[in-house]
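Hi,

Here is the structure I promised to pass on.

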Amino acid sequence: MDIIFSANNNEEIKILPVVPPDIPISQTQNNEQFQTINSGTLNLIGDSGLRGLSIQSFFPIHNYRWIKKGSSADAWSYVEFFKKWRGKRVPLRIVVIASTGKEILNMPCTIDEFEYAEKRNGDISYSLTITEYTFVNTGV
């Protein structure tokens, strides 16, 4: 599996060097429950909510032979990438590609949470939580 983040229409692209074995993608359903006089509680099916996912892994500081092709062993460049674009308030795009080559996910997203810490060997462990971003046509 490959995970690719891009910012500002591919101005900057980062391929995650180490991908966790499974990444659950969540999507809520905005259902609504209400009480009726004769039928008790009813549950109305609402629109689909925003998709989201969390990734926990590490950015390597060493050029391990098993890191993903096209990625980097410059761990701090990944930290700076997420900090930079989050600070600019620009949505990113995440693309997740299965080992078969099939695209699993391709969506604009916001960074909701980004935590990182330097490990003893210099690698940087991190946790990243993202949520789908919806572009709004302002008519301008």
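Glu12 and Lys84 form a salt bridge, with their closest N and O atoms 3.2 Å apart (a salt bridge here is a side-chain nitrogen of Lys or Arg within 4 Å of a carboxyl oxygen of Asp or Glu). The pair links distant parts of the chain, 72 residues apart: Glu12 is in strand β2 (residues 12–15) and Lys84 in helix α1. Helices (H or I, at least four residues) and strands (E, at least two) are DSSP runs, numbered from the N terminus. Lys84 counts as partly exposed because its relative accessibility is 36%; buried means under 20% relative accessible area, exposed over 50%, and partly exposed in between (1.4 Å probe, protein chains only).

Before the rest, two caveats. This is a predicted model, so local features need pLDDT of at least 70 and side-chain atom pairs count only at pLDDT 80 or more, while totals for chains, interfaces and linings use all residues. Residues are numbered from 1 along each chain as its sequence is written, and side-chain values use heavy atoms, with hydrogens and water left out.

The salt bridge count comes to 4. Another one joins Glu132 to Arg51, with the closest N and O atoms at 2.9 Å. Glu132 lies in strand β9 and Arg51 in strand β6, so this pair ties together parts 81 residues apart in sequence. Glu132 is buried at 17% relative accessibility, whereas Arg51 is partly exposed at 23%. Then there is Lys83 with Glu80, where the closest N and O atoms are 3.9 Å apart; both lie in helix α1, 3 residues apart, about one turn of the helix.

Asp123 sits in the loop between β8 (103–118) and β9 (124–132), and is buried yet has no salt bridge: the nearest side chain of opposite charge, Lys119, is 4.8 Å away. (Lys and Arg count as positive, Asp and Glu as negative; His and the chain ends are not counted.) What the side chain of Asp123 does reach is the backbone nitrogen of Ile61, at 2.7 Å.

The largest pocket has a volume of about 190 Å³, and its lining includes Ser6, Asn10, Arg93 and Phe135. The elements giving two or more residues to that lining are β1 (2–7) and β7 (92–97). For the record, a pocket is an open set of points on a 1 Å grid over the protein atoms alone, where a 1.4 Å probe fits, with protein on both sides within 12 Å along at least five of seven lines; lining residues have an atom within 4 Å of a point.

Cheers

Notes:
Polar contact = N/O pair within 3.5 Å; in protein donor to acceptor, adjacent residues only side chain to side chain. Points joined across faces, edges and corners; volume = space filled by probe spheres on them.
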